[in-house]
Amino acid sequence: FEGLKDDTIGDKMLLEIVRKSNAVFAYKIIDRTEEEVHSFFMPNDSLMEGYVNMPRQLYGGLKRSLSVGRLHKGKLTPSFVKIVADKYAGEEVMPLTDKEIRINFAPTHYEVIKYSDVMMHPELIEDRIVLLGALKEEVDMHYTPLGKMPGTEVLGYAIETMLKHNEVKTAPLWIVIIVSFVITLFI
C-alpha cells in the first residue's frame, strides 16, 4: 500500500474499511538512511504499525532472527511481530527491548487462501492471525533454514515463535565442543 492509486474511489473505500478494522500495518526502515517507508494509511492515530525489518545473519543473508524492538531516532520502536503477537494475546507477550530472538522454523503448515475465496472460508480467519501479503513475488522471497520462502511466511513463523516462547536457544560453547569431539570420534 505504498502510495495512492489512480482509482481514488477504491482508495477511499479501502481507507474506510481500514479505519473500522483491527489491523496492524507494516512499514520498513531503510537501514542506510534510517528513513521510514510507511503505507499510505499513515499517519493516522487510530491505526497501528510496526517495522518489518528482520536482521540478516551469516551465510549470505539467511533469515534466522526476529527483532523485538529497535532504537530508532532516539525512541524504542516495536516490531510488527511484537505488535501482532501482543494484540492477538491481549497482553504483552514479551517486554519491548532492543534485542533479537531466534525464530523457530519447526515445519508448520499455514493455510493460504486467495483474496477471492475469503468469503467462502470464514472459519480460516475467525479468531486467528491473518497475514496479507505476496507469496510468489521474487522481491519478497527470503532464504531461511527451511529454504527460500515468502516474507509473509517468515513473519508467520516469527509471530508463532514469539507467542509460544519457543525461540531456538544456542548451546553453550563447552557443550558444542564435547558434542563435536564425540561426533568426530565415531566418524
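Grid points are joined across faces, edges and corners, and the volume is the space filled by probe spheres set on the points. The lining of this pocket consists of Tyr 27, Glu 36, His 38, Glu 49, His 72, Lys 73, Lys 75, Thr 77 and Pro 78, and it divides into four charged, three polar and two nonpolar residues. In this classification Ala, Val, Leu, Ile, Met, Phe, Trp, Tyr, Cys and Pro are nonpolar, Asp, Glu, Lys and Arg are charged, and the others, Gly among them, are polar. Strand 6 (residues 75-78) supplies the largest share of the lining, three residues.

The model is a prediction, in which local features need pLDDT of at least 70 and side-chain atom pairs count only at pLDDT 80 or more, while totals for chains, interfaces and linings use all residues. Residues are numbered from 1 along each chain as its sequence is written, and side-chain values use heavy atoms, with hydrogens and water left out.

Most residues other than glycine have a negative phi. Lys 73 is exposed, with a relative accessible area of 62%; exposed means over 50% relative accessible area, buried under 20%, and partly exposed in between, with a 1.4 Å probe and protein chains only. Asp 127, also not a glycine, has a positive phi of about 60°; Asp 127 is placed in the loop between strand 7 and strand 8 (141-144) and counts as exposed at 73% relative accessibility.

The structure also holds one cavity of 30 Å³ or more, a cavity being a set of grid points where a 1.4 Å probe fits but cannot get out. About 30 Å³ of space lies in the largest cavity, whose lining is made up of Tyr 51, Val 52, Asn 53, Met 54, Leu 66, Ser 67, Ser 79, Val 81 and Leu 155. By class, six of these lining residues are nonpolar and three are polar, with no charged residues.

Turning to the chain as a whole, there are five helices and nine strands, defined as DSSP runs numbered from the N terminus, with helices (H or I) of at least four residues and strands (E) of at least two. From the N terminus on, the elements follow the order α-β-β-β-α-β-β-β-α-β-β-β-α-α. Of the 187 residues of the chain, 31% count as buried.

Side chains of opposite charge can pair when their charged atoms come close. The structure holds five salt bridges, each a side-chain nitrogen of Lys or Arg within 4 Å of a carboxyl oxygen of Asp or Glu. Asp 86 forms one with Lys 82, with the closest N and O atoms 2.5 Å apart; both residues lie in helix 3 (residues 80-89), four residues apart, about one turn of the helix, and both are buried. Glu 92 and Lys 82 meet in another salt bridge, at 3.4 Å from N to O. Because Glu 92 lies in the loop between helix 3 and strand 7 (100-102) and Lys 82 in helix 3, this pair ties together parts that are ten residues apart in sequence. Glu 92 is exposed, with a relative accessible area of 53%, whereas Lys 82 counts as buried at 3% relative accessibility. Salt bridges that share partners join Lys 82, Asp 86 and Glu 92 into one network. A further salt bridge links Lys 164 and Glu 160 (2.7 Å, N to O), which are separated by about one helical turn because they are four residues apart in helix 4 (residues 151-164).

On the surface, Trp 174, Ile 175, Ile 178, Val 179, Phe 181, Val 182, Ile 183, Leu 185, Phe 186 and Ile 187 form a nonpolar patch with about 1,100 Å² of accessible area together. Leu 185, in helix 5 (residues 173-186), counts as exposed at 57% relative accessibility. Such patches are made of residues with over 30% relative accessible area and no salt bridge, like charges being joined within 9 Å and nonpolar side chains (Val, Leu, Ile, Met, Phe, Trp, Tyr) within 5 Å; the areas come from the Shrake-Rupley method with a 1.4 Å probe, and for residues only the protein chains shown count as cover.

Terms used. On a 1 Å grid over the protein atoms alone, a cavity is a set of points where a 1.4 Å probe fits but cannot get out, and a pocket is an open set with protein on both sides within 12 Å along at least five of seven lines; lining residues have an atom within 4 Å of a point.
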